[in-house]
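Open the model in your viewer and keep a selection tool at hand. The stops below go from one selection to the next.

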Amino acid sequence: MENTDWKNMPFGYIKTDYNIRCLYSNGGWGTLEKSDSDYINIHIAATALHYGQEVFEGLKAYMGKDGRIRLFRWEDNARRFIHSAEGIIMPEFPVELFREALFEIIRLNRRFVPPYGSGATLYIRPLLYGSGPEVGVKPALEYTFIIFVTPVGPYFREGFKPVNMMICREFDRAAPLGTGTFKVGGNYAASLRAIIAAKRKGYSNSIFLDAREKKYIDECGPANFYGIKDNTYVTPRSDSILDSITNRSLIEIAQSMGMKTERRPVPVEELESFTEAGACGTAAVISPIAKIFDPVTNKIYEYSKDCIAGPITTILYKKLTGIQNGDEPDEFGWITIVD
């Protein structure tokens, strides 16, 4: 990796040395096994292919100035992984086994962890899918766990710069009481039409509204939405959005700064009252929003006229990334060192 241009790394897949796999059969998990192949053999009747039995997670490893690798809130990812699996009737992958696989995959691919200060990170993708064959609609009897890593640059090519987004009413990402709170591939497949439509019109991403009434902000593309006003951090509460670990972290940081925080339904009309807005998640961390266009009302909500992130968003971003990279004290107990 000596000649790698870390600072211009795309957010995409680059082959690394190993991935780790584990099979669930006969009611229990087997042992972890490493593989150097990027491919899997899968039964043509696997439930993952036919009935969407698949969940995944996304987390990152960060290289600090001290040369130590840091993981950010990995236990929260492990617990959300279990929550998602339970949501579509799959066996839970135990937290301790998750930890063993996570630490081992980083050690095996240590040379792919981007250097400190490059802006790149090691993205970690655990996934679990129904590998057992079923033709009838029912849960499989066999499941496969895989965890792989790849070095990545920023999710949005713009980096930490405000982007433009568009409200979508034509498509829904997830239904109320459906799978929206679980990290399943189907939710992302359902979002593609809206995301592509937004990009074709020159916007970075699409903002989904609630599926029932089309009155409230839901997800912000593949991320959570937040708005800032009156020293208050406001983010939607909904039965159909993913509980973002990054969003939870920003809420705690905002509270530590003396800000008020509110997690509640956010009506579209309230966009006019925010002084700052952004999308947050593991991949993007924070993507500040410059403006939001509503094609139905033809209204434009502006949060940045000079392509510079707002002051509170900037502080939140620097504090969170500072903790993740080891430049800020970890007062919340979020960081785990990988030895």
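**Start at Ser84**

Select Ser84: leaving aside neighbours within four places in sequence, Ser84 is in contact (heavy atoms within 4.5 Å) with Val55, Phe182 and Lys183. Ser84 sits in helix H2, residues 74-87; helices (H or I, at least four residues) and strands (E, at least two) are DSSP runs numbered from the N terminus. Its relative accessibility is 0%, so Ser84 counts as buried; buried means under 20% relative accessible area, exposed over 50%, and partly exposed in between (1.4 Å probe, protein chains only).

This is a predicted model, in which local features need pLDDT of at least 70 and side-chain atom pairs count only at pLDDT 80 or more, while totals for chains, interfaces and linings use all residues. Residues are numbered from 1 along each chain as its sequence is written, and side-chain values use heavy atoms, with hydrogens and water left out.

**The cores**

Next select Leu71, Leu102, Ile106 and Ile124, which touch the most other members of the 37-residue largest nonpolar core. Such a core is a set of buried Ala, Val, Leu, Ile, Met, Phe, Trp, Tyr and Cys residues joined through side-chain atoms within 4.5 Å. Elements giving two or more residues to this core include strand E1 (19-25), helix H3 (95-108) and strand E7 (121-130). H3 supplies the largest share, 8 residues. Now centre on Ile124: beyond four places in sequence, its contacts include Leu59, Leu71, Leu102, Ile106 and Phe148. A second, separate core has 20 residues, among them Val266, Leu271, Ile289 and Tyr303.

**Salt bridges**

The whole structure holds 21 salt bridges, each a side-chain nitrogen of Lys or Arg within 4 Å of a carboxyl oxygen of Asp or Glu. Select Lys229 and Glu270, whose closest N and O atoms are 2.7 Å apart. Lys229 is in strand E12 (residues 224-229) and Glu270 in the loop between strand E14 (260-264) and strand E15 (276-281), so the pair ties together parts 41 residues apart in sequence. Lys229 is buried at 17% relative accessibility, and Glu270 at 9%. Then select Glu219 and Arg173, a salt bridge with closest N and O atoms 3.5 Å apart. Finish this stop with the salt-bridge network that links Arg73, Asp76, Arg79, Asp243, Arg248 and Glu252.

**Cysteines**

How many disulfides does a search of the whole structure find? The search finds 0, a disulfide being a pair of cysteine sulfur atoms within 2.5 Å. Select Cys280: the nearest cysteine sulfur, that of Cys220, is 8.5 Å away. Cys280 counts as buried, at 1% relative accessibility.
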